[in-house]
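Please work through each task before reading its solution.

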Amino acid sequence: MYFSLFPGKPIFSVDIHPDGTKFATGGQGQDSGKVVIWNMSPVLQEDDEKDENIPKMLCQMDNHLACVNCVRWSNSGMYLASGGDDKLIMVWKRATYIGPSTVFGSSGKLANVEQWRCVSILRSHSGDVMDVAWSPHDAWLASCSVDNTVVIWNAVKFPEILATLRGHSGLVKGLTWDPVGKYIASQADDRSLKVWRTLDWQLETSITKPFDECGGTTHVLRLSWSPDGHYLVSAHAMNNSGPTAQIIEREGWKTNMDFVGHRKAVTVVKFNPKIFKKKQKNGSSTKPSCPYCCCAVGSKDRSLSVWLTCLKRPLVVIHELFDKSIMDISWTLNGLGILVCSMDGSVAFLDFSQDELGDPLSEEEKSRIHQSTYGKSLAIMTEAQLSTAVIENPEMLKYQRRQQQQQLDQKNATTRETSSTSSVTGVVNGESLEDIRKNLLKKQVETRTADGRRRITPLCIAQLDTGYSFIHQAFCDLVLGGLLLFCQDFSTAFFNSIPLSSSLAGTMLSSPSGQQLLPLDSSTPSFGASKPCTEPVAATGARPTGESVSKDRLVDTNDQSYLQLLCHLCLNLPSLFRSMNATSTPAALSPSVLTTPSKIEPMKAFDSRFTERSKATPGAPSLSSVIPTAVER
């Protein structure tokens, strides 16, 4: 069937909806670009064509400011993408039915049966958009332009751009995806065809030899990939000075075959979406036949040829089908019908039978061919499927490892954010606890006893945490200091501590004295916060002048009760902290917890039942807490 839609107005693109009920055309209108959606029924049925109650045009959209060069339905049929000379890609979606509406400027003569609205306008190209193509499973939308670039859009999240493919040095005029979305191919006026990997959007190969002899140019260069993935066929190639459609084999990207016979440059190539096998005649043997594909080729010589990959000659050639060059081709989903449009504003429909083309393979058989060629499809793989799928392709393994590494990096980043948030309070004077810990590890304190023995002072490094880790470390400091006092030959020593936030036990110094007597400042309260004194207090081996035993109670560290106290503390610390953690929170300490300044002076033993830190130096912030411990004897 041959019919004219817009006489005198060129139609640059045509595409049939996946459900076969409608088709879209794109071209030049009166004052703007025009996208029109047509009813397929009057094209297929002659009775419907004559029935005036059956609408022929369903919707007309004049949003493009300049000529529309390409229209393409998504694989799901939900969206329609159009690109034009206004440098824009518009994505259309059918709106909720609100009744027929009049086409703007038609004086009420034309009415839109369906309502389609523009849901997204994609802006990135700096020149005319020549072609658009949806990837398998509608994961991506690709567009190409005379600005020499190919833009990959995230079809799930418009208008996000995933990649901009740069490499052509001429106007890019055609795009095609491989059947599973592993590659995308582009052809340009720079006499090259480039294949890009979708795994990393990098160039796979650039083919130039078949196009070296090409002279002049065509309005479009619509190339196509076979549905089995084995062949990529280009437009506008030359062989021995004759126009051809170059066949590029996927295995090794070899260019040994081509479709010949056209008298002028090939403008468009379109593979049938079905894979066929030879039709079994009645009574014939059921020998398995090799599957093959069907391809239609259109040219500037106004002729159309249809080829089968199992034949050396074309299945059919139709000469002078139009008055001007063929611009676009679209197959029906069942593979038995084809629409062809021309610059003369007309569209032709050709119908084939299964006797002519063969029996189409089922989707299951087609899927097995894809997996044997490619492995699993990149576009269809979700995160859940990646973890359990059997990967047959090496590049898919790299893709899986990359996904897993990204997930691991995200988990690590989340963990670091959480730890940094929880340790915000663990900063002392602008220095984090981790930095303090590292600095302390570099310092090793060495002392000499009275008899010349060398001792390395143990360092208690605090855990990088907040709350009760400080309290826990404070008690450890007490016990450690007491044990060292008791065990170092009862020598004169004092607990010369540094800021408690670093949780470092004080340096133990020795003197020749054989006995240690620690004075107790009677002004120090037994309970409550320690008050800062005006001067640092230093403990020495000798008693200060004027001090008497009657004024300051002295405890001999040889006393058996002192050892019992230390042992009791060591044994009861775990249960003590378990009860503290169960009844208190770091944000709200119980009233019985005493606050001790971070700058601590010598530790004093003032009774066999109590120990505490002595007075702090002035100006030191209060960062940690301890609890006076009572021991029943």
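A contact means heavy atoms within 4.5 Å. The model is predicted: local features need pLDDT of at least 70, side-chain atom pairs count only at pLDDT 80 or more, and totals for chains, interfaces and linings use all residues. Residues are numbered from 1 along each chain as its sequence is written, and side-chain values use heavy atoms, with hydrogens and water left out.

**Exercise 1.** Determine whether H236 is buried or exposed, and list what it touches.

*Solution.* Next, apply the cut-offs: buried means under 20% relative accessible area, exposed over 50%, partly exposed in between (1.4 Å probe, protein chains only). H236 has 9% relative accessibility and therefore counts as buried. Finally, leaving aside residues up to four places away in sequence, the contacts of H236 include Q187, F211, C214, T244 and V266.

**Exercise 2.** Describe the largest nonpolar core.

*Solution.* Begin with the term: a nonpolar core is a set of buried Ala, Val, Leu, Ile, Met, Phe, Trp, Tyr and Cys residues joined through side-chain atoms within 4.5 Å. The largest one has 34 residues, and F23, W177 and L339 are among those with the most contacts inside it. Strand β2 (residues 11–16) gives the most to this core, namely four residues. A second, separate core has 20 residues, including F276 and L350.

Key
Helices (H or I, at least four residues) and strands (E, at least two) are DSSP runs, numbered from the N terminus.
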